[in-house]
Amino acid sequence: MYRSPAHTLLFLSLLLNLALTGAAQNSPFTRDQFVEAAVIGEMSHLEPGKPYRLGLLLRHDPHWHTYWKSSETGYATSIEWELPDGFTISELSWPTPRVYDFQGFTEYVYEGEVLLMATLVAPETLSGESVEIGFTAEWLMCEQTCVPGGIESKIVLPVSNKPAVMSTQWGQVFSNTEKQLPANPHKYTISSWKSDSFVTLRVQGKDLPDSVYFFDAQAAFKTTPDSTRKLQDGYIDLTLNLPEGGKAPESVKGILKTGQGWSRADDAPAIIIDVPVSGNPPITKDTSWAGILVLAFVGGLILNLMPCVFPVLGIKIMGFVGQAGESRKKIIEHGLVFSLGVLMSFWTLAAVLLVLRSGGSQLGWGFQLQSPGFVLLLTMLLFAFALNMAGLFEVGQSAVGVGSNLTAKSGLRGSFFSGVLATVVATPCAAPFLAPALGAALTFPPLGSLAVFTFIALGLAAPYLLLSIFPVLLKWLPKPGAWMETFKQFMSFLLFATVAYLIWVLAGQLTEEGGYTVFSLLKVLLALVLLALGLWIYGRWSAFHRPKKVRLAGSLIAAAVILLSISIGISGTRTFDTSGFAVKWEKWAPDKAETLAQQGKVVYVDFTARWCVTCQTNKATVFSSGNVLDMLEELDVVLLKADWTHQDPEISQALAQFGRSAVPFNLVYGPALDEPIQLPEVLVPGRVLDALEAASSQ
């Protein structure tokens, strides 16, 4: 039968693919006493520059086993590779083992057939028809007795630029093994803390299994097959006993296995555990509901006094002044609508936060300010309001909830928007009492979290709602008059200052951190704000129609403010250096502080973010103190910065270990401390000095 050249080439290509697919992608199987082993390949052939999975396949005789990566009495299987130039290979992936109890010793072992996988990557320039990979594997095989074993061999892999396909012989073995790999706990909150002779490991989340078992990757705990465990609604606690006289490790590392699968981790048989050991248990549902809700309300109330919220406070005060003399019904309407704006904003924030966390994201208070796009939008919005308040242009006073038309429909819209704006600008701040409430909110089930956010919102709205419901209190506010325009223009400078702060946040998000250079940008921008303020004072009180004394006072005040702005601007161009000691920060990393403290160092850890106003206020207060700088130099304190400006799951998880979900949060470690000292949200130099001294005392 006639075949065209094209048909012939297609036929030969199919034969080649079948040959590659069906080729035995394995080294020779070799037996060493009670275990047979070979290295096998997943795909039909190697592609230059593409990953290729290899695996050490172990077949145990009945009743014999080899060991997982951690063991109390045995040792883990290992493999050394002999790779051609330009090749790289990953560490071994360890499938979930089983528990083996022998004469009081608990081990984690493999029986039957097990595959230990690694990923090989060939160079882009790879050529030729095949490549040879050598290896030496060693293991310890045990039944009643233990015998070392191993093999030394090589695997020859075909090379082709054609797309690789799954090996018909070994592809399913790799697929089955992948299902046995532990998964990352994306949808669970993991924490641990120590007390006396044990460490408690807690897993929080939905759809928890009925029973679990912890496989210790460090051999740090005295575990048995019936490890103590307590299951509660919404979380699991495991008690990990320390050996006699043993010290708690810096972190708990291993896997948590369940027979029924972790339904929130794609039915994986185990989840990976790697969390630092703290000294404080996290807040749970057992914590007094009343106490948490009181903290949430008080924290929201105090937010009104924080610098990020105060400009909006001024706007709303203007609104209440304008309401003086209006009907009680209208005043109550505006208070309720403002409160509704706050509540709706907090509910929206809580809903977004819970949805993103359910998808595995590690998020906390102020998470939206980790987005440069959101910061830019907020900056532009506030700048527009500031220019409006300064009198540069008018779009109608009711648009921002102030003015004489507050009883109109548009005025109600303005009150609602003022509530929204108050919530938006509140997120860079974490007031005292707010941190523990937020920590609880982010560990509670959705309804519990929503309740906490609701009480924070009620605290923020409470002063305005109180003035609305009891309008008799408005008599304590000044009467409406021409002074309101002056006050409105003055309040615009608070918004300009907020804009300057947000530009500084944005600069840090869009550029590499440049030490003092980027921090100095804040001083320069604030200098511009003061310069604008000084010129505004000069223009308003030094005009020729003013009395001579007013003009003189205005000129002197303006000159003083302008000189102050020049001084701040110049200081922003210099390196911050006091008493010969320059503040130098190192980047925080998990376990770094604990390691340095064990080496005898005093360590100061600052969990911070550029968008956190309280954080920057703390640094300005503490590190401008000569006494603090002297002690930092004397004790050779290591300063670690955990920068949460951008979303960082490691920082989010570290905060969660201490029951926190917001910044600022500051810790002091030292050789004299068993546990780090947790500093309050608002810092003063004396409190920091006491902590540093306690950390260094012998």
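I take a residue as buried under 20% relative accessible area, as exposed over 50%, and as partly exposed in between, with a 1.4 Å probe and protein chains only. The model is predicted, and local features need pLDDT of at least 70, side-chain atom pairs count only at pLDDT 80 or more, and totals for chains, interfaces and linings use all residues. Residues are numbered from 1 along each chain as its sequence is written, and side-chain values use heavy atoms, with hydrogens and water left out.

**Entry 1: the nonpolar patch**

I looked up L447 and found this residue in helix α9; helices (H or I, at least four residues) and strands (E, at least two) are DSSP runs, numbered from the N terminus. L447 counts as exposed because its relative accessible area is 71%. I then noted that L447 belongs to a nonpolar surface patch with L340, M344, W347, F416 and L450, and that together they have about 530 Å² of accessible area. Such areas come from the Shrake-Rupley method with a 1.4 Å probe, and for residues only the protein chains shown count as cover. A patch is made of residues with over 30% relative accessible area and no salt bridge; nonpolar side chains (Val, Leu, Ile, Met, Phe, Trp, Tyr) are joined within 5 Å, and like charges within 9 Å. A salt bridge is a side-chain nitrogen of Lys or Arg within 4 Å of a carboxyl oxygen of Asp or Glu. Helix α5 (328–358) and helix α9 (446–469) each give two or more residues to the patch, and the largest share, three residues, comes from α5.

**Entry 2: T177**

I located T177 in helix α2, which covers residues 171–178. T177 counts as buried because its relative accessibility is 10%. A polar atom of its side chain lies 2.8 Å from the backbone oxygen of V173. Apart from neighbours within four places in sequence, T177 is in contact (heavy atoms within 4.5 Å) with P95, L115 and M117.

**Entry 3: paired strands**

I followed strand β10 (residues 130–142) and strand β11 (residues 146–158), which run antiparallel and are joined by 13 bridges; two strands pair if DSSP finds at least two bridges between them. They form a hairpin with three residues between them, and M141 stands opposite V147 in β11.

I also traced an open sheet of five strands, in the order β19-β21-β20-β22-β23, with mixed pairing. Its edge strands, β19 (585–587) and β23 (677–678), each pair on one side only. Strands β20 (residues 603–608) and β21 (residues 638–643) pair in the parallel sense over six bridges, and T608 has D643 in β21 as its bridge partner.

Definitions and conventions:
A polar contact is a pair of N or O atoms within 3.5 Å; within protein, one must be able to donate a hydrogen and the other to accept it, and residues adjacent in sequence count only if both atoms are side-chain atoms.
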